[in-house]
Structure formats: structure tokens, C-alpha cells
Amino acid sequence: MSISQFDTHEIFNQPRPFEDVNLFEGDIGLRDAVTREGAASHAAELDAFGSQIGTSEIFELGRQANVHKPDLNTLDRIGQRSDTVEFHPAYHDLMRLSIKAGIHAQSFEEGAGIGTAVARGAKHFMMSQVESGHICPITMTHAVIPTLKIQPSIAETWLPKVLTREYDESFRPMTEKSGVTLGMGMTEAQGGTDVRSNTTRAGPVGDGGPGQAYHIHGHKWFMSAPMCDAFLILAQAAGGLSVFLVPRFKPSGEVNAIHFMRLKDKLGNSSNASSEVQFHDAYGELIGEEGRGIANIMVMANLTRIDCALGSAGLMRQALAQAVNHARGRRVYQKTLVDQPAMTAVLADLALESEAATALAIRLTGAHDRQATSEREAAYLRLMTPVIKYWVTKRGPGFSYEAMEVFGGNGYVETGMMGRIYRDMPVNAIWEGSGTVMCLDVLRVLARDPDAARLVMEEFAELKGVNPDYDTMLAKVADDLAHASEATCRRLTEDLAKLAAAAIFLKSGPDFVAEAYIASRLTGRSGDCYGTLPEGIDTRALVERALPI
Ligand SMILES: Cc1cc2nc3c(=O)[nH]c(=O)nc-3n(C[C@H](O)[C@H](O)[C@H](O)COP(=O)(O)OP(=O)(O)OC[C@H]3O[C@@H](n4cnc5c(N)ncnc54)[C@H](O)[C@@H]3O)c2cc1C
């Protein structure tokens, strides 16, 4: 197709944009993962959502929400504190869409059965492809729910407003709103990973104790989505580090003393506001017992870590789909790019990586669904959440760069999506426990909970005897588990992730994906960059599977 608008030249050989697509129907890897993890009954719901958000109009909302960054109003017209953030309407539209779809709460809705967490995860994965910044408060709202439940008096008040599918962006007390969103603040300037170094203090207003009012005094160096209606805040109480629910409005209806100092000027994640904040004896309510802060907030962090993997896997999928679409529509030296063997090899390698990321992230949502009924699934969740969070989010940045290069120069400019995907990738690895912290977490699980590794390895061992390279890696990981140390924990975590992906493909197929994945990822026979798969792999079949025509 050619479009002539100038008398200087004709515009041709430019692929159609990848939009007006169904993000579920067109993604075989996602569909297979959803079925494998027991959510086939949600296929129609996911198909409708994939079609709804794959339109050019919704992709355009994603662009607008990032081009028009949020603005902080610290003071109002006459110099009084305002502490509000203004977003572009596109951001609110995306929030509304995600909340309508239940990405913020579906796993915890009444009647949520087996498959619900998987379906919700698949929606998160798809929405991350369209716009990943607004997903931050959506993820936090979802993840905060189990921590709220620790304190029934707080849960009774807040959960009815969380569990609606209504988005209400107004700045009002929660009692006047149709729906609320929730954030969290753990990270202080002197330490994010080491939350024990938190200096923010909490003192009781009256007798103190679970559910009671406290004054919170201190700061957080990162607190994203400051227009949420309440935040889980870690602060030092007399009994030790504790978690508090700190709302934007006090029960009296007055604005709470939460002062935003600055919004971060970030590499990416531009539609999302991330603030530096001070609490000036702000009103908060204690969740659970004093001193249980880390344990109670970890309930939340384990869920946000799954979402980091879903988010990066979604971004990888979008980068891949964009790249394959481009290569199918672009000719170089009179031949379509996708058919040029050196390019087919790159795309096939990316396709393998993307499908593995999808399979692993959705596998975690399946484990979340089944943890209450299966000891092995609960073990999988404990050991493999840090493994998969580490691996998938680490693979994202390099992946998005390679997909960008498929576009040549057009990949590097801001008129397309590739630059945004590239900038949005690294944050999923950094927040909610940075890479090394995840690997140390794996060591912690191994030390405290040896049964978790035993049960997970039992699952992997069930596939022994099918593929010799898989068997070799299985034996290596079993051996390494016995000698795990801080110095080697990254290598062990990587191998566990690759073994887990190989196990999924070996068990469920298709065989050519399993064989290609094992040959290229478990043997050392691939090169260091994408496009270096060992000989004998059907690269065309991998690309066809990645984006059926
Ligand atoms: C865009 C964005 C939004 C964010 N939003 C929020 C939010 O809403 N709420 C919130 O609470 N936080 C938020 N954060 C903060 C984020 O969670 C922290 O930055 C992160 O946890 C790391 O903490 P830190 O920055 O203090 O780094 P540090 O804790 O100083 O870590 C620095 C490095 O040391 C490594 N490391 C840590 N411990 C060890 C060890 N024992 N051995 C070896 N290496 C180690 C880490 O892996 C990391 O690479 C956000 C961050 C970003 C970038």
C-alpha cells in the first residue's frame, strides 16, 4: 500500500501499525498458559478484554498518558497545602478500564474460584502491553487486599470500596467515593531493601494496639501513585516495625497531614506519579500487632512480585508482536524482512524468550489460585515467586532493545511504542525487591523451608527421561541446591527459572517449542545475543506461532 502526500516522494514500504488486534486471541502462548493453569472457563471474558483493549483508540490512550506526565500541586492558589496530582484524562480512562475489568481486585471478589487469579493475571499481562504506568496503583490495590484482611476492623471499612469495579478519581473522603485505590510506602532515603533502617515513627493516639489510631511522623523516599486513597506505611512503633493504613483523609473528613515534596523525574514509567513524601503526625491505623510490620507487608510484596513478572512478560510480548508485525511489512533488498534467515533467527529467539516469560508468569498465578488446596502449589509459590520475578524482569530490558532494533531507526524514535517499552522495562526488576534481593530470597526459602525445594524439584523430576539436556540441567540444579551460597545465588536462580520454563514446555508442548527452548537455554549451545539459536531449530514455525497471520 502506498500513500502519496508530497510532491517530493511517495511513502511506501512502511508496515501497518500493530493495533486493532485482539491481544488474547492472537497470542497462542498466552492462551495455552491460561488453559494449562486451569482458567479455560474464562476464555470468553479474556477474549472480549483482549479485543476491547487492542484497538488503536486504547493504544492512543497509552501514548497520551505517557506524553502528558502527571503534575504535582504542592500548594494551592493562595499558598495553602494542596498535595494533589493532576493526570491527563487518558490516565483516568486507563484506570477506569483496568478497574472495570477487575485487575485491581478480581482474585479476591466474592465467588472467585479456581482460575480467577489466572484470568486476572492474564488481563494484567494484556493491559501492561497497552500502558504499564497506570498498572502500578492497580497492582498495589490488588496486593494490599490480603494485608488489609489481617485487621478485620479496617477490612470491614475499606474492602467494600476496594472490591467495587468503580473508578472514582475525585479527591474526597472514602466514605463519599464509589471506589478507592491503595498504595504503599516502605522505601526511605537511607534504605529501601533494608526496611529495618526505617526512621519513620508511629506513636499511639490513645491506648494503641491493632486497629487503633497512631500519629505517623517521618518520610518515604519513594511512594508511587500518591492520589491513591490510602497507603500501607511502615513505621517504627514502640513494639518494633509495624504497618499502618494511612488514608488521605482523616475519619473526621479533614485532609490528612501527608505532604508531597516532589515527583520523581524517572527514566520511564512516565504516566505514573512517584512521590517523595513527608508525614507530619499523619493519622494512621495499626494493622495487626506492633512489630509484625515486615511479616504483614510481605503478604503484599509477594503479590506485587508476581505482577512484576506479569508486567515484564506483557511488555516482552508487546515488543515481540510489534517486531514481528514490522518484519512482515518491511522489505529490505527486495525481500520481506521476516523471511530473511538472519532476521527469522532473531525473531524466533525472541519468540522463545517471550513465550517462556509468559508461561512462567502465568504459572505463578496458577500456583496462587491453587495454593490453598495443594501443598506442592504452595511450595511452588514460595520458592518460585522470587525466582520468576528475578528472571523475567531481568530478561526484559535486553529483550526490548533487540525488538527495538528490528525496526531499525524507527525503533529509536518516539513516534512508535518501542522507546516507551524499553524505558518501562527496568523498573519491574528494581522495585519490589531488586534482582540480587530476589536471589537472596531464594536462599532464604531454601534455608527456612527445605520442603519447598523438595516439592518443586519433585515436579521437575516427573519429566525426567524425556530429554537428555533437561536431565543434565535437572541434576545440576539438584546439586547446586545443596551448595547454594550468596556468591552463586544468581546462577542458581537463573537455572531454576530456565528449568521451570523447560518443564512447562516439556509437559504441555508443543514439542518443537520445548526442544528449541531446551537446546538453546539449557545447554550453552546458543550465543550471547538473540538470533544465535543452535542449528536444527524450526525458526519459521516459532515466528508463525508467535504471531499467527
Ligand atoms: C519508579 C519507582 C517507583 C517506586 N515506588 C515505590 C513505592 O510506591 N513504594 C515504595 O515503598 N517503594 C517504591 N520504590 C522503591 C523501590 O522499591 C526501591 O528502590 C527498591 O526496593 C530498592 O531499594 P533502594 O532504592 O533503597 O536500594 P538499596 O536497598 O540500597 O539497594 C541497592 C542495590 O543493592 C542490592 N542489595 C540489597 N541488599 C543486598 C545484599 N544483602 N547483598 C547484595 N546486594 C544487595 C539491591 O539488589 C540493589 O541492586 C519505587 C522505585 C522506583 C524506581
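Modeller: Start with Ala-90: setting aside neighbours within four places in sequence, its contacts are Leu-61, Gln-64 and Ala-65. Keep in mind that this is a predicted model.

Colleague: Which helix holds Ala-90, and is Ala-90 buried or exposed?
Modeller: Ala-90 is found in helix H4. Buried means under 20% relative accessible area. Ala-90 has a relative accessibility of 1%, so the residue counts as buried.

Colleague: How far apart are the C-alpha atoms of Ala-90 and Lys-507?
Modeller: Along the chain, 417 residues separate Ala-90 and Lys-507.

Colleague: What do the buried residues of H4 pack against?
Modeller: The buried residues of H4 are Ala-90, Tyr-91, His-92, Leu-94, Met-95, Leu-97, Ser-98 and Ile-99. Their packing partners are H2, H3, H5 and helix H6 (135-149).

Colleague: What is the reach of H4 from its first C-alpha to its last?
Modeller: H4 has 12 residues, and at 1.5 Å a residue the expected value is 16 Å. The model is close to that, with a reach of 16 Å.

Colleague: Which residue just after H4 takes a positive phi?
Modeller: The phi in question is about 85°. The residue that takes it, just after H4, is Gly-102.

Colleague: On to H3. Why do the buried residues of H3 line one face of the helix?
Modeller: The buried residues of H3 are Ile-58, Phe-59, Leu-61, Gly-62, Ala-65 and Asn-66. Seen down the axis of H3, these line one face because they fall within an arc of 150°. In general, an α-helix has 3.6 residues a turn, so residues three or four places apart point the same way. The value that settles the point for H3 is the arc of 150°.

Colleague: Which backbone oxygen lies 2.8 Å from a polar atom of the side chain of Asn-66?
Modeller: Asn-66 lies in helix H3, and at 10% relative accessibility Asn-66 counts as buried. Leaving out neighbours within four places in sequence, Asn-66 is in contact with Glu-131, Ser-270, Ser-271 and Arg-420. The backbone oxygen 2.8 Å from its side chain belongs to Gly-62.

Colleague: Which side chain makes a polar contact of 3.0 Å with that of Asn-272?
Modeller: Asn-272 lies in the loop between strand E8 (258-263) and strand E9 (274-287). Its relative accessible area is 2%, so Asn-272 is buried. Beyond four places in sequence, Asn-272 touches residues including Pro-70, Cys-136, Ser-224 and Trp-431. The side chain at 3.0 Å is that of Asn-269.

Colleague: How much area is buried between domain 2 and domain 3?
Modeller: The domain assignment gives domain 2 as 171-295 and domain 3 as 301-546, and the C-alpha centres of the two lie 35 Å apart. The contact takes nine residues from domain 2 and seven residues from domain 3. Carbon and sulfur atoms give 62% of the buried area, which is about 550 Å².

Colleague: In domain 2, which residues lose the most area to domain 3?
Modeller: Together they account for 62% of what the domain 2 side buries. They are Thr-193, Leu-267 and Asn-269.

Colleague: Now the backbone. What is the omega of the bond between Gly-509 and Pro-510?
Modeller: Pro-510 lies in the loop between helix H16 (489-508) and helix H17 (511-521). Most peptide bonds are trans. The bond that joins Gly-509 and Pro-510 is cis, with omega about 0°.

Colleague: What is the phi of Glu-432?
Modeller: Glu-432 is in the loop between helix H12 (426-430) and helix H13 (435-448), and at 12% relative accessibility Glu-432 counts as buried. Most residues other than glycine have a negative phi. Glu-432 has a positive phi, near 60°.

How values were computed
Residues numbered from 1 in each chain as written. Predicted model: local features only at pLDDT ≥ 70, side-chain atom pairs only at ≥ 80, totals over all residues. Heavy atoms only, no water. Buried < 20%, exposed > 50% of the residue type's maximum accessible area, 1.4 Å probe, protein only. Helix = DSSP H or I, 4+ residues; strand = E, 2+ residues; numbered from the N terminus. Arc of directions from axis to C-beta. Polar contact = N/O pair within 3.5 Å; in protein donor to acceptor, adjacent residues only side chain to side chain. Contact = heavy atoms within 4.5 Å. Domains from an automatic or database assignment. Buried area = accessible area lost by both parts, 1.4 Å probe. Expected span 1.5 Å × (residues − 1).
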